[in-house]
Amino acid sequence: MIMSFEDLVEKHSAIKARSILSLHDDNPRRAQDFSVSCDEMLFDYSKTNIDADARTLLIELASSSGVETKRSAMFSGAKINETEGRAVLHTALRNLEGAPVLVDGQDVMPEVRGTLERMSDFANAIRSGKFKGQGGRITDVVNIGIGGSDLGPAMATLALAPFHDGPKVHFVSNVDGAHIADTLKGIDPTTTLVIVASKTFTTIETMTNANTARDWMANKVANPADQFAALSSSEERTTAYGISPENVFGFEDWVGGRYSLWGPIGLSLMIAIGPEDFVDFLRGGQAMDQHFQTAPLSENMPVMLALVGLWHNQVCGYATRAVLPYDQRLSRLPAYLQQLEMESNGKRVAMDGSALECHSGPIVWGEPGTNGQHAFYQLIHQGTRVVPCEFLVAAKGHEEHLEHQHRLLLSNCLAQSEALMRGRSIEEARVLMAEKGLSGAELERQARHRVFPGNRPSTTLIYPSLTPFVLGQIIALYEHRVFVEGAILGINSYDQWGVELGKELAVALEPIVSGAESADKKDGSTQMLVSYIRANG
Ligand code: F6P
């Protein structure tokens, strides 16, 4: 049976008034029935209004969209990124001891393993002090990159802080000179390694910051190139930049920027936590790959996470999704997921170029709890728009001496999803106001401000503790969610043409902003802003 979003929209309108809490009351096993496990990780989507029939329809939608066939195509190296004629094989980077993976008839695994070994040797040399800067043992590593060449390693390095036992790792991405100036202040160039992370090795922000770092180092170091490494697909450009081949770690065009953390782009993370923990991170990703490829759709975590996402966005019409890690070390996860999800699934045409008949992927945003509670949760609880919330939390923190704080963190996380589902009725609010001694019109007025509509959907991803393995599972889970959502929407999740126009215009504007060229041919707003810059800059 061919399923469409219209069938689901019809189903939704029939059930949307029903309370999520009543679904739990009617089925005491709802939590178990509407949750999925992968190893020790648990994804609970029982606090949504998806019922058994809606789930069946969603799974039929996935099947009739060919998700399973497309999944096999991706893992086997087919060129599913059709607009760029590329395979999509970040999964090969974590295919530890796995079967051959063929691209154009050639097994890519020997090269993948060879690069991982070279990265490990290099990271060990940095960590042990065998690789030295002019001033001795490397104390600081500065990763210069942007987008996928920054967000992944920056997010993961912060996430795995308890596992750091290498040099201090810093990340510079913004072309705003403030970023690199603040980062380099206070670190010693003679004991710093600069990693230039750029798949293309042409990205203007990265190359500008790399030049600034090279000039900074040249003031104190005789041969700055000796303290530079490069992570890129372009050997030609890294060589032209003067970085010696033994400090260059390459990867192929079948690794997309936002999917590249698992290979050379993860070098800064590997230096921070060590190759063994990095391999554990890969193992976590690999475990999720195996689960994704083998679990039946209804028990498949990435599939169910994607279907819940599509239900909320394309079916219920909720435009955004909040990612709320109750895990301070996952504070960069929302930013990372913004690129992963919005650069992948923010597309307005289907693979064949025809206009998309439904909305593309949602607007993803978020902040760690509990901080968000004291900022924007007001809107989530009482605003007029529904924001599906995705909570993440570890059962156990790393700070054993601060267990009481972790209990408070957990209680807050659970309290939020309960409050969103349960809400507070006008009757309950009236009782509260009466207890406070109010009566009459004032009681009624005050009570109305204290009503929570409730019935607001949320999901919770809970894991034992944030280890390299678990982080690998989490990242691969979200990658596959993007794949499933994109496959059902029929779009190409692996190109990003939408970032090009702004890049081209920025290059053309640079001589205008600097005053070398006239702004006459620009629109009125741009001309006015350029004049302002010239007058005040
Ligand atoms: O501009 C978008 C983008 O191409 C991302 O997809 C990518 O992660 C980022 O720029 C950085 O690209 P590169 O690694 O080639 O410098």
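Here is a short note on the domains, the ligand site and the annotated residues of this structure.

1. A word on the model. This is a predicted model, in which local features need pLDDT of at least 70, side-chain atom pairs count only at pLDDT 80 or more, and totals for chains, interfaces and linings use all residues. Residues are numbered from 1 along each chain as its sequence is written, and side-chain values use heavy atoms, with hydrogens and water left out.

2. Domains. An automatic or database assignment gives domain 1 (2-64 + 295-422 + 456-495), domain 2 (126-279) and domain 3 (500-536). Between the C-alpha centres of domain 2 and domain 3 there are 32 Å.

3. Who surrounds the ligand? The shell holds 14 residues (a heavy atom within 4 Å), and those that come nearest are Gly148, Ser149, Ser198, Thr200 and Thr203.

4. Polar contacts (pairs of N or O atoms within 3.5 Å). Oxygen atoms of the ligand lie 2.6 Å from a polar side-chain atom of Thr200, 2.8 Å from a polar backbone atom of Gly148 and 3.2 Å from a polar side-chain atom of Gln339. Of the 390 Å² of accessible area that the ligand has on its own (Shrake-Rupley method, 1.4 Å probe), the protein covers 89%.

5. Annotated residues. The unreviewed UniProt entry marks Glu343, His374 and Lys503 as "active site"; such annotations may be inferred rather than shown by experiment. These residues are spread over 161 residues of sequence and also in space, with up to 36.6 Å between C-alpha atoms. Among them, Glu343 and Lys503 belong to the lining of the largest pocket (lining residues have an atom within 4 Å of a point on a 1 Å grid; a pocket is an open set of points where a 1.4 Å probe fits, with protein on both sides within 12 Å along at least five of seven lines).

Notes. A polar contact is a pair of N or O atoms within 3.5 Å; within protein, one must be able to donate a hydrogen and the other to accept it, and residues adjacent in sequence count only if both atoms are side-chain atoms.
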